[in-house]
Amino acid sequence: MDAESIYERWDVSPVINAAGTKTRIGGSRIRPEALKAMEAAATEFVSLPELQAAASQRIAELTGAEAGYVSNGAAGGLMLAAAACLAGDDPGAMARLPDTEGIPDEIIMPRHHRTGYDHALRAAGATIVDIGTNDRALGTGAQNVEPWEYSEACTDQTAAIAHIQKDDTPPAIETVSSIAAELGVPLIVDAAAELPPRANLTRFIDAGADLVVFSGGKGIRGPQTTGIVAGRADLISSIAMQNQDMHAAGELWEPPESLFGRPPFDGVPRQGIGRPLKVGKEELVGLLVAIDAYLAEDESDRAREWEEHLDRIQAAVDAISDVTVRRRSGAKSVTPELQLELSAHPMTATTVVTELRHRDPGIVVGTDDVGAEKLSINPMCLTADEAATVGQALVQCLNGEH
Ligand SMILES: *Cc1c(COP(=O)(O)O)cnc(C)c1O
C-alpha cells in the first residue's frame, strides 16, 4: 500500500479490503474513468433536473423500465421508493411526509426479508407489516411465507409490498409481482448488491417489479454515495419531485417532462422528504460513466481475476495445519469467496480477525460467520499485490509468527 496515503494526513491508516464491498470500510474501488469524469463534472454548472432526466433515459434503456433515477445510495433509493409509493402525485402528501395521516402507509414484508435497511422505508413514514414465520428453520419443508399471506395482509391501508432480492429469500419475485399486480399495489425490490451479473439489470423489471433499487457503489464501482432506482414512470416522477430542490418561482419552474411527467397540480411542490438525500452533479456523472464501464468490461475476465486472487491466497494458506479451507460461490455474495474454518485451530476466528485488523497495513476480512469460527476472503476489492499480502499475513498470523 502507498506509504504516502492521503488518509495519514489526518492520522487515519488505510486498510486492505479483503471483505468485499462493505460500506463501513469505504465500499468498492471506484473506477478510474468515473473519477476522471467527476473531476470534469465539477468544473461546470448544469441543471440537475435535466441531468437526472438524461440519467432516467439511460437507466430506462439499460433496465427495460419506463424511467430511472440516481439516488443517494441504494438505501436512499429505498427511502425515495417508499416516499413515492406513499405520496404518489399528491403534493399535499409529499409536503406532509413522514406524517402519513389520511393516506395508506403500510408496506407488507415477509419477516425473513426484514433487514437493517428497511429503516429507510420507515424513514419515509411507512409502517412495515410483517407476514409469515421462520418455519423454514425447522427443516420440515414448510416455507416462511405462503402466497395467500400477502393477500391476507393487504387492506385499504397498504401502500406497497417490499421484497429483498437474495438467492435465499423466497418466494420468487415473479410470484410476488403477480400477487402485487392482482392486489393493485406497487412492488419495491431491494437488489442493492445483485450486480454483477449484468443480466440482473433487466431481470427484476422483467419479472414485474414496479421499482428496483441497485447500489451504485458496489459491483458497478461508481461513487460510493450513489444508487439506481428503475421503474414505473409515475413513481419515478414522484421520486424526482420529492428529491429535487424545489425552491423555484412557479412561473420559472421548468421540470423536464420526460422525468416529471405533467404534474397534475398548479404551482411548485414543497421541498420533499427526499431533499436531504442530495445527489451532486459529480456523483451523478460518475455513476453514469461507471455504468458504461461496467457494461463494457468482460464479466468472465473479471471473474477470472477474482479466482486468481483467491488461488494465490489459497496456495499460501493450504499448508497451514488445523485450518479447513473452502472455496464458495454462494448465495450471499456475487463473487467467489475463500472460507477458512478454524474450529480445530488453537486461535479463535475473532482473535485472527482482530490481529489482521491491527497489522500494518490492517487487513479487513469477511466476518459474517465469525461466530461459527469461520472467516472469509472476498477478492472483489483486492489488487494482485494486496492478495499476496493477505496470503502472507494469514500464514504468519495462523502460524503464530508475528
Ligand atoms: C448494500 C445494501 C444496501 C444499501 O446500499 P447503499 O448503496 O450502501 O446505500 C441496501 N440493501 C441491501 C440488501 C444491501 O446489500
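Student: In which helix is the place of Ala75?

Tutor: The model before us is a predicted one. Within it, Ala75 is placed in helix 3. Setting aside its neighbours within four places in sequence, Ala75 is in contact with Tyr117 and Ala120. Gln242 is 167 residues away from Ala75 along the chain, and the C-alpha atoms of the two are separated by 15 Å.

The largest nonpolar core has 45 residues, of which Tyr69, Ile107, Leu121 and Ile236 touch the most other members. Helix 3, which spans residues 73–87, supplies the largest share of this core, namely 11 residues. Apart from neighbours within four places in sequence, the contacts of Ile236 are Ala67, Gly68, Tyr69, Leu211, Val229, Ala230, Gly231 and Leu259. Another core, of 40 residues, lies apart from the largest one, and its members include Ile179, Val189, Ala191 and Phe214.

A pair of helices may complete the account. Helix 12 (residues 299–317) packs with helix 14 (residues 384–398) at an angle of about 20°, their axes being 8 Å apart. Helix 12 is therefore roughly parallel to helix 14. Their crossing is right-handed. Among the residues that make the contact are His309 and Arg312 of helix 12, together with Gly391 and Leu394 of helix 14. By class, this contact of helix 12 with helix 14 has 9 nonpolar, 2 polar and 1 charged residues.

Technical notes:
Residues numbered from 1 in each chain as written. Predicted model: local features only at pLDDT ≥ 70, side-chain atom pairs only at ≥ 80, totals over all residues. Heavy atoms only, no water. Axes fitted to C-alpha atoms, helices over the stretch in contact; angles between N-to-C directions. Helix = DSSP H or I, 4+ residues; strand = E, 2+ residues; numbered from the N terminus. Parallel < 35°, antiparallel > 145°, perpendicular 65-115°, else oblique. Left-handed = near helix turned anticlockwise from the far one by under 90°. Contact = heavy atoms within 4.5 Å. Nonpolar A, V, L, I, M, F, W, Y, C, P; charged D, E, K, R; others polar. Core = buried A, V, L, I, M, F, W, Y, C linked by side-chain atoms within 4.5 Å. Buried < 20%, exposed > 50% of the residue type's maximum accessible area, 1.4 Å probe, protein only.
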